[in-house]
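This briefing covers selected features of one protein structure, grouped by topic.

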Amino acid sequence: LSLPAFRFVKDSRFKGHPTLGSSETYTQTVGVHSILAPEREGKSLKEAIMKYVLVTGGVVSGLGKGVTASSIGVVLKACGLRVTSIKIDPYLNTDAGTMSPFEHGEVFVLDDGGEVDLDLGNYERFLDVTLTKDNNITTGKIFQSVIEKERKGDYLGKTVQVVPHITDAIKNWIVSVAQIPVDGAEDPADVCVIELGGTVGDIESMPFIEALRQLSFSVGILTIYDDLYFTSSIAGQDHFCLIHVSLIPVLGVVGEQKTKPTQHSVRELRALGLTPHLLACRSAQPLLQSTKEKLSQFCHVPEANILNIHDVPNIWHVPLLLMNQNAHHAILKQLNLVSAAMPADLRDWTEMAETYDNLKNSVRIALVGKYVGLTDSYLSVVKALLHACIACSLKPSIDWVAASDLEDESAKLTPEAHAVAWDTLRNASCVLVPGGFGDRGVSGMILAAKYARENNIPYLGICLGMQISVIEFARSVLGLEGANSMEFNQETPDPVVIFMPEGSRTHMGSTMRLGSRRTLFQTSDCIAAKLYDNPQHVDERHRHRYEVNPEFIEALENGGLKFVGKDETGKRMEILELPSHPYYVGVQFHPEFKSRPRRPSALFLGLILAATGQLEEHIKK
């Protein structure tokens, strides 16, 4: 086995090493592991070299690159490979934390407190991995890191430019993050799937395109000794696979599948130095054979590598679509991993997709929120409801209720919308109030919580939804008519919800209580603990600035509301229940972020079980 020269990283731990202690460069011709790490002798080179799958998009945004990238990961994982993911967002924001849900969909929160693009939620759900905030690369992060180095003098007086300094920073970030295990194992994954956000040709994505072009012909990281990584100059032709997602529209008048937009998109990509190995074509209906032939001829992609991702009943069919078109064979061949992979086994995934398709009964869920105009604002909540419903052999029927339409003011200004909102709420089997910021719609949420409490309708309040239930209880049961959150009224006489002491009032980004935090159960005799199988504690993800005021806890509990989960200090309220109610639960954390297709969130499962009269039986089991 012949390898090129490797330039080793200087490190004091190698002082006196027979090979590394005396030389910076060493040409290895008999296998790196046998010389530098004898305990790993005999292991294949595949373990040491990272393979990359890049997913780009063309023609229009919103084609489903995230689902496509996730599905590619699922298929590769089904072949026995370990997969990690990176999402590149070319916007200048450091992260997604300060972006409006209407602008960019929900903000997904990771264990380490990263506020990231919702596509990372898709990656975690599809691949069952735990990503880090560094798995989401933004222009803001890259520029910030380069400017910080320039201020420190790390560039030794050189003129700092987009090429090579920004592009090098992008490459180094990708290479280092790809090495981080995300599936609980100790070694790096076999394949890193990279999704480049936006559309090819966008000005803001140009530095990333150039960096990825450079990466495409010079990739590979070798794990040589301990946790040190050494960059090789291995040519990247069989370590890099580019999949371009494009749209095949059908004009209503002509009724013909048009390939010209995709041709132009591929031409743009090739002009920037990247040539797609596979095309993933989005369309309403399956591609015609003549369309595939035309795409192959004018896009320089083999016909066998033209994949059709047409509309399907649910997104769990997408990995099956790819497998049925032998996408994994084409990718494995391009990455030179055919001998290392096993035959794709997606039987469990197939069963899951078909089970959902065959479900007949449904349960109506009233989701009362602020951002119902864009359902992606609550994507993880929707997915968690889906996971819980399937576990109960039901289809979710989500009724979107704009909280502001429930308010008394709406009855005067928009009486029809007001009437429809209340009819929807009354016809639902359960009520869910998710998180949010700002005072718009809060009065409507309070009315929804009151309706659910007084009529024994199963209720789940998440983050703001929990605070809403506290405000409503304080007003209606304790008689504190002025009770409110300091987020909505700084002068409230009864601040039952207050600003957290460590929060910042001047900076919005990354100043909340973020990431995985521990919640200790105060008693095992509560619905939440039983749904979690009676552990002493649970670790869930948080994203909030305000919390229940500890000064009101005694009064609230004397009134009948019980705080059954608290943080490790005992001062922060995490879970509340109303024992006299069939299912009235509020949580300060966001359980939806850790829900998985085969492992639904316990609290979402409890909501659906309560809505269908199965909760008591489930708890007894």
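Among contacts between residues at least 6 apart in sequence, 71% join residues at least 24 apart. The model is a predicted one. The protein has 621 residues, of which 56% count as buried, and its secondary structure comprises 21 helices and 25 strands.

**Packing of helices H5 and H6**

- Helix H5 covers residues 139–152 and helix H6 covers residues 162–178; their axes come within 10 Å and cross at roughly 115°.
- That angle makes H5 roughly perpendicular to H6.
- The crossing in which H5 passes H6 is right-handed.
- From H5, the residues Lys-141, Ile-142, Phe-143 and Val-146 take part in the contact, meeting His-165, Ile-166, Ala-169, Ile-170 and Trp-173 of H6.
- By class, the residues of this contact between H5 and H6 comprise seven nonpolar, one polar and one charged.

**Packing of helices H2 and H10**

- The axes of helix H2 (residues 65–78) and helix H10 (residues 317–324) cross at roughly 60° and come within 9 Å.
- An angle of 65 to 115 degrees would count as roughly perpendicular and one under 35 degrees as roughly parallel; H2 and H10 are therefore oblique to each other.
- H2 passes H10 in a crossing that is right-handed.
- On the H2 side, Val-67, Thr-68, Ser-71, Ile-72, Val-74 and Val-75 are involved, and they meet Val-318, Pro-319, Leu-322 and Met-323 on the H10 side.
- The residues of the contact of H2 with H10 comprise eight nonpolar and two polar, with no charged residue.

**Helix H13 and the residue after it**

- Helix H13 runs over residues 379–391; at 1.5 Å a residue, its 13 residues should span 18 Å, and the 19 Å between its end C-alpha atoms agrees with this.
- Because 11 of its 13 residues are buried, H13 is largely enclosed by the rest of the structure.
- The buried residues of H13 are Leu-379, Ser-380, Val-381, Lys-383, Ala-384, Leu-385, Leu-386, His-387, Ala-388, Cys-389 and Ile-390.
- Ser-393, which follows H13, has a positive phi, near 60°.

**Asn-122 in helix H4**

- Asn-122 lies in helix H4, which is formed by residues 119–127.
- The relative accessibility of Asn-122 is 5%, so this residue counts as buried, the cut-off being under 20% relative accessible area.
- Neighbours within four places in sequence aside, Asn-122 is in contact with Val-67, Ser-70 and Leu-379.
- Of these partners, Val-67 also belongs to the H2 residues that meet H10, and Leu-379 is one of the buried residues of H13.

**Thr-275 in a loop**

- Thr-275 is located in the loop between helix H8 (260–271) and strand E12 (278–283).
- With a relative accessible area of 37%, Thr-275 is partly exposed.
- Apart from neighbours within four places in sequence, the residues in contact with Thr-275 are Leu-242 and Arg-270.
- Thr-275 and Cys-241 are 34 residues apart along the chain, and their C-alpha atoms are separated by 9.4 Å.

How values were computed. Residues are numbered from 1 along each chain as its sequence is written. This is a predicted model: local features need pLDDT of at least 70, side-chain atom pairs count only at pLDDT 80 or more; totals for chains, interfaces and linings use all residues. Side-chain values use heavy atoms; hydrogens and water are left out. Axes are lines fitted to C-alpha atoms, for helices over the stretch in contact, and angles run from 0 to 180 degrees between N-to-C directions. Helices (H or I, at least four residues) and strands (E, at least two) are DSSP runs, numbered from the N terminus. Angles under 35 degrees count as roughly parallel, over 145 as roughly antiparallel, 65 to 115 as roughly perpendicular and the rest as oblique. A crossing is left-handed if the near helix is turned anticlockwise from the far one by less than a right angle, and right-handed if clockwise. Contact means heavy atoms within 4.5 Å. Ala, Val, Leu, Ile, Met, Phe, Trp, Tyr, Cys and Pro count as nonpolar, Asp, Glu, Lys and Arg as charged, and the others, Gly among them, as polar. The expected span of a helix is 1.5 Å times one less than its number of residues. Buried means under 20% relative accessible area, exposed over 50%, partly exposed in between (1.4 Å probe, protein chains only).
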